[in-house]
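Please keep the structure in view while reading.

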Amino acid sequence: MSKPLSPLRRATLSAAALALSIGPLYATAAPQVIRIGVASAGGGEPVTWGGSPGGVVRVNEWLEQEFKPSGIQIEWLFFKGAGPAVNEALSNKQIDFAYQGDLPQVVGRANGLKTKLLVVSGARNNLYVVTPPQSDIRGIKDLKDKRVSIFRGTNGHLVAINVLAANGLAERDLKAVNLDAGSAQAALVSNGVDAAFGGYEWFKVRDQGLAKVIYSTQGQDPAYTRQASLLVREDFEKEHPAEVQRVVDVFVRAADWSSDEKNRAELFRIWARSGTPVASWEAEFDKQSLAERNSPLVDDFIIARYKAVVRDAVQLKLIRREVPVDGWFDTRYLQASLKKLGLEKRWTAYDAKGQPKAGGPAIAAR
Amino acid sequence: MASIPLDAAELAISAPLRPRGGRRWRGLVLPLAAVALWWLASRLGWVNSALLVSPIQVLDTGRELVGNGRLWLALRASLARELTGFGIGTAAGLVLGALLGLWPRFNRLAGPSFNTFKQISLFAWIPLISVWFGLGDVAKVVFLSLAALVPVVVNTCDGIRSTPPALLEVARVYGYTRWQTATEVVLPAAIPAIFTGVYLALIYSWLATIGAEYLLVSGRGVGNLLIEGSEHFQMDLVLFGMAVIGTVGWLMNACARLLERRLARRFGRP
Amino acid sequence: MSRSALSLQPGHAAADRPRITLSAADRPRITLSAADRPRLTSPAAGGSRIADSEATGPAAPRPWRAAPAWLRRGAARLEPLLLPLALLGLWALGAARGWIPAQVLPPPVFVVDTLRDLAASGDLWLHVQASLQRVLVGFAAGSLIGLLLGTAMGLSRSVEAYVLPSFNALVQIPVLAWLPFVLLLVGIGEPLKYILIAKAAMVPVALNTLQGFRQAPAGLREVGQVYGYSRRQQVLEIVLPSAVPTLFTGLRLGFTKAWLSLVVVELVASSEGLGYLIVYGRQLFQLDLVMAAVLVVGAIGYLIDRLLDLAERRLAGRRAAAAPGAR
């Protein structure tokens, strides 16, 4: 420049330089608020959800208690649009952690969302097919050409497709309507749809006599179940690894409590605070051990399931290209938690087929 | 740009035609008869459906919502969003409309694109908006701003372009610069049309508010009341929600028309 | 040289207005303050409206004016495309350089590919057909009802007095607010969509029809009265012809509203259609599918609007030729 900088200009520039230099320093400081997105509309006052140890964390306010001394606030955000809506929030960084099902997580990753999977928080969730009570639909094969509600993009979507495929049908053979859980219930009860794919939310409707369950994945090949886990944005994890560890610790603690059969009644009561009654939870967890469902382990079964989801999703053109599952799970935090809490032998690791690994309880494989 | 008749037709929708002649009570006959029929049907059980709620029930629900404050919270949230979006959209629309009207080159370049943009339902942009701005209030305000922007741009531009030629000639004779012509001749002449645009923007952003709440579901609002009612089969909630929406829309219309009459007295009709 | 006086008569058509053509040499030397100085600019070829497309500024670029007419016409044709092309270029650049992450805005190439895949697999036609069918049925039903209602209100003051206020009240409620109500009544099948689209189309048609009936020029009506026209003759020969343009505008507006509300309705609950594609794309985070569907929606809406515009102009032209004094 030909003219020397005026004093004002110089001051501004140096202030800017200073701000920029301490910027990165500031970034590694603790966050002021940790935001957790839940792929469910949830219910109750305050809003919570069930079916996962995360619900226990929410109701008991364990995260709030954990971070209070550090002055960090916790924000829980619930998404009626489930997994897909959580992806939208992740893509513009409105949440840091997310509880989501496997398919939407895969879809997000396939579309460039940079995330890391931390702990499993609700494995082997079942899928059901329900119809109005008077319906003459008896089995999956009767669904052909019928109007069926499927919540696209959620982990139930893929299981639904697999179930249909096992019965020789494809999504195209039905008139599939995309409806979220609440709208699907309204539609079925008013005979707007002939059938619906869904989860535990339907037991309440069934118990009211407004629907009947004609198909359930309970007791079948665990490949027909859906998984959900807690993930974190890669940026957040890089910047605040200590906070991530603390969150994982809390979730593992909740998983431990939720896996104890002694706590079964209390667990269902806590989950019932979301609006889904105890009877529904009893139906969903019928003949299943809590430990099997609430285990946080990232074992061979989970990895195999996620890989299968990727494979199926590519084949069905739900995503455009393969995404690597290896390297997506970041189990360092989980391992550290298990070690810290002395829970390394607490849960059974399962093999790729969902059977307990030979040799009894073992440490998580990866 | 859109031909003027189209916008006059739009205006006809929001500035309702009034029945000619006196005896205004005749307008009440139909709604009262409908309500009476409805009440009878629910009382005597003509239609056997869980969905048939009596008018009394709707009133009760309404009273309950007013009483426990839920209605005010929802209304306040919706109105806050709407007014913010309306403000932003109108401001941006005035600028864009003025540019399109005053600058022929810009009009040639951007006009057709804007025209095409107008043809696409704003709701089609919701998925993109939700990915770019999330599901919260920011996304909704963006959506509402777009809804308000369109009528303001169209009417401002049309208003500017239909400045009476006589006035322009006088300006030319007196040697007004382009700037002077624009600010002292064109814009004042366009004020009635601009007001129409702003008026439509208010209405449209209210209509869009409900839509935004429906499709960008999160938080509070009157639209969320409707959704809740629909999901829990509470027809009374749905009907009450609709009544609230209609009433607010009608109120806005009435206020805006009052203002318009005042302005018309000052600036003259387009 | 003579200079025609400026005409300040309002309403003079551009053609009659005297032209002020002065060369540089003729420019008078008048010393006035800046505000009073007459600015003798090179005259516009057409009228004196600022926004006239032919108007150029005080310094029309000479070389451009000298270019051959066909080049200027061609460039004028291309002008509307400049902005979209520039945006497209920016979009492609942004995607290529990575300024915009792929999940936020997919590269235009993806969108084109998706569009091609859809077209090739026949899916596009399936969905377009479903959407068009819905909008045509809904529009037809809504217009019919709107015409009947508007005519009834237009012809009979008492019908108008009874019906119009309720109509006005119901109009205040937007389509999406009707959705939960109609949804609970008829479920989520085709009737839901037909009803909502019909409602959207009916409103402008009814109101414009009523408007059209109202605006029969008083003068003509008087003439009809003087000549002792029967009511029927009055309607057919005086009221109706002057109502037709407004009626047609109403139909055009009704179609626009129907097309706009089609997308909205399909977004909520459908198993095929363009709105359905948008939802599917959204659920599976395939923004290129969303954009492709949005493009198709825009293109079809634009095409049909142009068609109606053309039809309207034909109609207006024919009417103007037939009855010059009717307005």
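Over all chains of this predicted model, the count comes to 37 salt bridges, a salt bridge being a side-chain nitrogen of Lys or Arg within 4 Å of a carboxyl oxygen of Asp or Glu. In one of them, the side chains of C:Glu266 and C:Arg134 meet at 2.4 Å, N to O. Because C:Glu266 lies in helix α9 of chain C and C:Arg134 in helix α4 of chain C, the pair ties together parts that are 132 residues apart in sequence.

The helices named here are DSSP runs (H or I, at least four residues), numbered from the N terminus.

| Helix | Residues |
|---|---|
| α4 of chain C | 123-155 |
| α9 of chain C | 231-268 |
| α10 of chain C | 274-283 |
| α2 of chain B | 26-44 |

Helix α4 of chain C also meets helix α10 of chain C, where C:His127, C:Val128 and C:Ser131 touch C:Leu274, C:Tyr276 and C:Leu277, contact meaning heavy atoms within 4.5 Å.

On chain B, a nonpolar surface patch of about 350 Å² is made by B:Trp39, B:Leu40, B:Leu44 and B:Ile56, and its largest share, three residues, comes from helix α2 of chain B.

Local features need pLDDT of at least 70 and side-chain atom pairs pLDDT 80 or more, whereas totals for chains, interfaces and linings use all residues. Residues are numbered from 1 along each chain as written, chains are lettered from A, and side-chain values use heavy atoms, without hydrogens and water.

Note on methods:
Axes are lines fitted to C-alpha atoms, for helices over the stretch in contact, and angles run from 0 to 180 degrees between N-to-C directions. Helices (H or I, at least four residues) and strands (E, at least two) are DSSP runs, numbered from the N terminus. Patches are made of residues with over 30% relative accessible area and no salt bridge: like charges are joined within 9 Å, nonpolar side chains (Val, Leu, Ile, Met, Phe, Trp, Tyr) within 5 Å. Accessible areas come from the Shrake-Rupley method with a 1.4 Å probe; for residues, only the protein chains shown count as cover.
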